[in-house]
Amino acid sequence: MSTYRAIHEHIEQHPSLPPEAVIKADLLRRGICFTDEALIPPPGADLPQHQPKSYFIFSFDMVKQSELDEAHKWRAPEEIALTGGPLELRRTIVSVRLNPESPYRIVVHEGQRWLETEGQKLAQVALPPFPPYYAEKLTDGRAVAEIAPTIQWGYLIYLTVFRVCQYFGEKEECQFCDINHNYRQQIAAKRPYTGVKKVEDIVAAMEKIAAVENPSKAYTITGGSVTSQIGGESEVEFYSKYVEAIEARFPRRWIGKVVTQAWPVEDVKRLKASGAQIYHPNYEVWDANLFAKLCPGKERYIGHDTWIRRIVEAAEVFGPAKVIPNFVGGIEMAAPYGFTDVEEAVRSTGEGLDFFMSKGITPRFTTWCPEPTTPLGKLNPEGAPLEYHLRLLEVYRDTVEKHNLAPPPGYGEAGPGRAVFSVSPFMDVLGMGEEDQVRSSEALSS
Ligand code: SF4
């Protein structure tokens with residue numbers, strides 16, 4: 001069946017989901033490619049510039065850097081915004097995951113960028129504007145864009161302060177994660193890419209951002225796990241010092257978020273005292289056996305049960321709404337260990353959602369990108385089926401409603417046409433009012 005036909009069938013079979021979320025899920029799952037003229041114009045061209053893909057932590061591509069042509073390598077945008085088209089899509093922000101083999105292409109037609117598949121248009125495409133601070137330089141000449149890139153259409157400043165992980169090699173790295181491979185391939189591609197960012201550089205970059213009008217509302221401090229020490233500091237000392245420095249200079253200017261391992265409660269208190277407002281101790285996958293197989297380093301050093309218990313304990317420190325652990329939507333269906341049946345996979349993940357949400361903790365998820373250098377990506381280049389991603393969205397939304405929870409804070413507005421979270425459609429399906437429902441069913445019947 002053609003991709004165009006399949007996507008319309010999925011939209012019809014999931015009438016409670018906005019069509020925007022269905023298309024976004026498939027784009028994230030399968031990636032996109034561009035014709036040369038649809039990419040960001042080459043430097044020096046007398047055309048509006050746009051925000052390039054920053055490789056803010058992982059590659060989030062379905063091919064290696066070495067397999068991308070020069071145009072895609074350097075002139076792909078960070079995100080795209082879809083609107084209009086035959087389904088009259090509301091503005092939908094989607095992270096760019098490059099895949100030259102994708103059935104989805106961005107083309108230029110009569111001077112406008114369009115998303116098409118098999119020659120049929122799906123939506124008009126806009127690229128993110130070039131942030132005014134991106135070309136600003138630190139005193140050593142490095143661009144702010146490298147030290148403090150922004151994603152989610154400018155909402156989130158993404159500060160990967162440690163670009164590698166001390167879980168190293170196939171026996172320790174999470175089987176879906178390409179952080180270490182990505183670092184090596186970006187260095188090989190000669191992209192400016194700082195392994196460990198200095199606190200003073202982060203603060204200097206934030207100064208440049210704060211000096212101009214822009215839509216940023218939050219920052220994330222994150223990076224690889226620290227199993228022993230880094231520069232003589234423990235993991236909590238290392239990551240907390242960035243928050244302390246930003247908050248000392250710009251108290252509560254942004255929502256401060258931190259993504260790290262699940263720490264003992266004393267360390268969580270230390271993080272909170274640094275000024276962090278939201279804590280993301282990502283559990284990646286709910287099923288305990290899959291956690292052991294897919295996160296072997298985390299299993300060995302911390303263990304599934306301890307990880308989950310620490311998430312619950314952290315809620316007593318931050319408050320349950322401000323502990324937002326991530327999982328990677330789709331890896332529970334990855335061969336060789338994963339579920340082979342969509343409903344079984346969704347039931348397992350749904351059990352975890354119910355467990356956390358019954359305690360007021362609202363997890364969130366990213367859509368799995370099967371990067372080719374990871375063990376799971378090598379075995380599952382197609383990722384998880386679209387049907388899985390759509391059933392997950394339904395179960396996620398229904399569990400949030402069942403427990404009467406609000407959309408998680410720190411992600412901007414929820415709902416179709418409003419969400420900016422770009423690496424999964426979870427925010428596009430929350431917070432739907434009556435008007436949103438009517439718009440979705442109109443699109444369905446058009
Ligand atoms: S702990 Fe796992 S997911 Fe996190 S950076 Fe390390 S390998 Fe990647």
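Reader: In what order do the strands of the open sheet of six stand?
Author: This is a predicted model, in which local features need pLDDT of at least 70, side-chain atom pairs count only at pLDDT 80 or more, and totals for chains, interfaces and linings use all residues. Residues are numbered from 1 along each chain as its sequence is written. Strands (E, at least two residues) and helices (H or I, at least four) are DSSP runs numbered from the N terminus, and two strands pair if DSSP finds at least two bridges between them. The pairing in this open sheet is mixed, and the order is β1-β4-β5-β6-β2-β3.

Reader: Which strands stand at the edges of that sheet?
Author: Each edge strand has a single partner, so one side of it is left without a neighbour in the sheet. These two are β1 (33–34) and β3 (89–95).

Reader: Which residue in β5 stands opposite Ile 106?
Author: Strands β4 (residues 104–109) and β5 (residues 112–117) run antiparallel, joined by six bridges. Opposite Ile 106 stands Leu 115.

Reader: What is the handedness of the β-α-β crossover from β12 to β13?
Author: Strand β12 (residues 326–329) runs parallel to β13, with four bridges between them. Between these strands the chain passes through helix α12 (residues 342–357). A crossover counts as right-handed if, with the strands pointing away from the viewer, the path from the first strand over the helix to the second runs clockwise. This one is right-handed.

Reader: Are the residues of β13 buried or exposed?
Author: Buried takes 20 or more other C-beta atoms within 10 Å of a residue's own, exposed 12 or fewer, and partly exposed lies in between, with C-beta atoms placed from the backbone. In β13 (residues 364–367), Arg 364 and Thr 366 point one way, Phe 365 and Thr 367 the other. All are buried.

Reader: How many residues of the shell around the ligand are charged?
Author: A residue counts as near if its C-beta atom, placed from the backbone, lies within 6 Å of the molecule. Around the ligand are residues including Cys 165, Glu 173, Ser 225 and Lys 298. Asp, Glu, Lys and Arg count as charged; Ala, Val, Leu, Ile, Met, Phe, Trp, Tyr, Cys and Pro as nonpolar; the others, Gly among them, as polar. Five are nonpolar and two polar, and the number charged is two.

Reader: What is the radius of gyration of the protein?
Author: The radius is taken over C-alpha atoms, and the globule rule is 2.2 Å times the number of residues to the power 0.38. With 446 residues, a compact globule would come near 22 Å. The protein agrees with that, at 21 Å.
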